[in-house]
Amino acid sequence: MITFLICLTALVVAYFTYGKYLEKVCEINPQNPVPSKTHYDGVDYIPMPRWKIFLIQLLNIAGLGPIFGALLGAAYGPVAFLWITLGGIFMGAMHDFIAGVISLKNAGLSLPEIIGKYLGNGTKMFMRIASVLLMVLVGAVFMSQPAELIAANISLPAFETPISSTMSWEVFIALMVILVYYVMATILPIDKIIGRFYPIFGMALLIMAAGILYVLLFHSDRYIIPELTSLENCIADAEKFPIVPMLFTTIACGAISGFHATQSPMMARCMTNENQSRSIFYGAMIAESIIALLWAAIGMAFWGSVQGLNNAIAEYGGSAARMVNVISEETLGSVIAVFVVVGVIACAITSGDTAFRSARLIVADMLGIPQNGVMKRISVSLPLFVLGVLIIFAMPFQTIWSYFAWMNQTLACITLWCITIYLAKNKKPVMIGLLPALFMTYVCSSYIFISPMMCGIENRAVAYSLGGVVTAIIFAAGLLKIKNDRKQEQ
């Protein structure tokens, strides 16, 4: 419990300290014009109140990551607390804040266009393709998983024969309902669906978090949270899943996630004042880290130990959704458990719809297609939805999630390098971005050589060395970029 409380306190304090410091670094000025006023279009550039934007941003970035990812990542042991806390404060929240502020100060530009401005056109083209693919993967993941949860918790017509070997008709029906909602949320003006329903979903998410926190604090005699006494890897197959890099990709959204930087421009287009940046960008990420901390803690405590959690993961076949159901019903009762399930479904759906919306904006920015007409928005969105549905039927969830996890952190890595160049160009403390950029570069590069989904090199010394070589090359390229930029300014 002591480790958990220290981490929880550190996250809250960081918002008022490190978050405030980043405001000064980025020279937040309430007098500066904002995109919602200078580029108002009634579709994507629409001013909205701070509280509503905060809830939308939180739901956009949360997804299943801080719940499912944290629950599964807790199998590594209390070291997960350390990653969520330090990663959330110095990497994730910083990443979200500065990326969001850059977009805010550049007319709400989407992430690939920002990357191109600071890292060059070659990187911009890569980011355009990678970002759209990541958004479609996110949309596919966050269609399939809530569909399964809905089918499991709501009575739907029974069918004797499944639609395929991996999908029942019940799941398919739920999937189609979600798809219709996604199409509407992607095409309609942001204040028509997202702006109206997200506050409701947000309340479900907050009730879920409050319920888990209550159980941990007031039933600590029954649910004992392990303390951090070492950096031991407690996962069932530690040799196959080493902490570096596997923990840092398993728990992404609760610590740092490149997906977040693709969502921030949508909210930058709706803000009415630069002073809202810390609460919306830094604050939403801190809130997400707290949610991840809660689920990591309850995961270890509910099954009595980290070993018990690992046994449960094996028993439920790695289905975090089923584990969430069990935890909710037994700790909170059937009534409040409904809010938890609704909160989980809301987290997924509200990230999936904005993923497709973000993909639409990225493609529209890339092709220079104005989005003020409905047919123009449909023409951009339709191929994205077709691709998302094809992925669901063509690939099993675990495969989709594995590739999504690596692409997500790779996107974060590139965004961190963009932030580093931005800080260098503006003569700000470069280490704020450089150290996280180096760390995540090593995580992503070593993952390529270690993950069974990629190279799968069993000799860890070789795999880690190759990751180090890739990191050194990218580091050298980053330093050269900074040096060349400074020469051009002279």
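Me: Which helix gives the most to the lining of the largest cavity?
Reply: That's α17, with 4 residues. Keep in mind that this is a predicted model.

Me: OK, and which elements each supply at least two residues there?
Reply: α5 (65-73), α11 (243-250) and α17 each do that for the lining of the largest cavity.

Me: Which residues line the largest cavity, then?
Reply: Gly-65, Gly-69, Thr-249, Thr-250, Ala-252, Cys-253, Trp-401, Phe-404, Ala-405 and Asn-408. By class, the lining has 5 nonpolar and 5 polar residues, with no charged ones.

Me: How much space lies in the largest cavity?
Reply: About 60 Å³.

Me: And how many cavities of 30 Å³ or more are there?
Reply: The count comes to 4. The second largest cavity has a volume of about 40 Å³.

Me: What lines the second largest cavity?
Reply: Ser-110, Leu-111, Thr-262, Pro-265, Met-266, Arg-269, Ser-358, Leu-361 and Ile-362. By class, the second largest cavity is lined by 5 nonpolar, 3 polar and 1 charged residues.

Me: New topic, salt bridges. How many are in the whole structure?
Reply: A search finds 8. One of them pairs Lys-428 with Glu-27, with the closest N and O atoms 2.6 Å apart.

Me: Where do Lys-428 and Glu-27 sit in the chain?
Reply: Lys-428 is in the loop between α17 (397-425) and α18 (431-450), while Glu-27 is in the loop between α2 (18-25) and α3 (35-38). The pair links distant parts of the chain, 401 residues apart.

Me: Is Glu-27 buried or exposed?
Reply: Glu-27 is exposed, because its relative accessible area is 52% and the cut-off for exposed is over 50%.

Me: What about Asp-44, which residue does its side chain meet in a salt bridge?
Reply: Arg-357, at 2.8 Å from N to O. This pair also links distant parts of the chain: Asp-44 is in the loop between α3 and α4 (50-62), Arg-357 is in helix α15 (residues 320-367), and they are 313 residues apart.

Me: Are Asp-44 and Arg-357 buried or exposed?
Reply: Asp-44 is buried, and so is Arg-357.

Me: Next pair. How far apart are the closest N and O atoms of Arg-128 and Glu-113?
Reply: They are 3.0 Å apart, in a salt bridge. Arg-128 lies in helix α8 (residues 121-153) and Glu-113 in helix α7 (residues 111-119), so the pair ties together parts that are 15 residues apart in sequence.

Me: Why does Arg-128 count as buried?
Reply: Because its relative accessibility is 10%, and buried means under 20%. Glu-113 is buried too, with a relative accessible area of 12%.

Me: Last one: which residues do salt bridges with shared partners join into one network?
Reply: Lys-20, Glu-23 and Arg-278.

Technical notes: Residues numbered from 1 in each chain as written. Predicted model: local features only at pLDDT ≥ 70, side-chain atom pairs only at ≥ 80, totals over all residues. Heavy atoms only, no water. Salt bridge = Lys/Arg side-chain N within 4 Å of Asp/Glu carboxyl O. Buried < 20%, exposed > 50% of the residue type's maximum accessible area, 1.4 Å probe, protein only. 1 Å grid on protein atoms, 1.4 Å probe; cavity = no way out; pocket = protein on both sides within 12 Å on 5 of 7 lines; lining within 4 Å. Points joined across faces, edges and corners; volume = space filled by probe spheres on them. Nonpolar A, V, L, I, M, F, W, Y, C, P; charged D, E, K, R; others polar.
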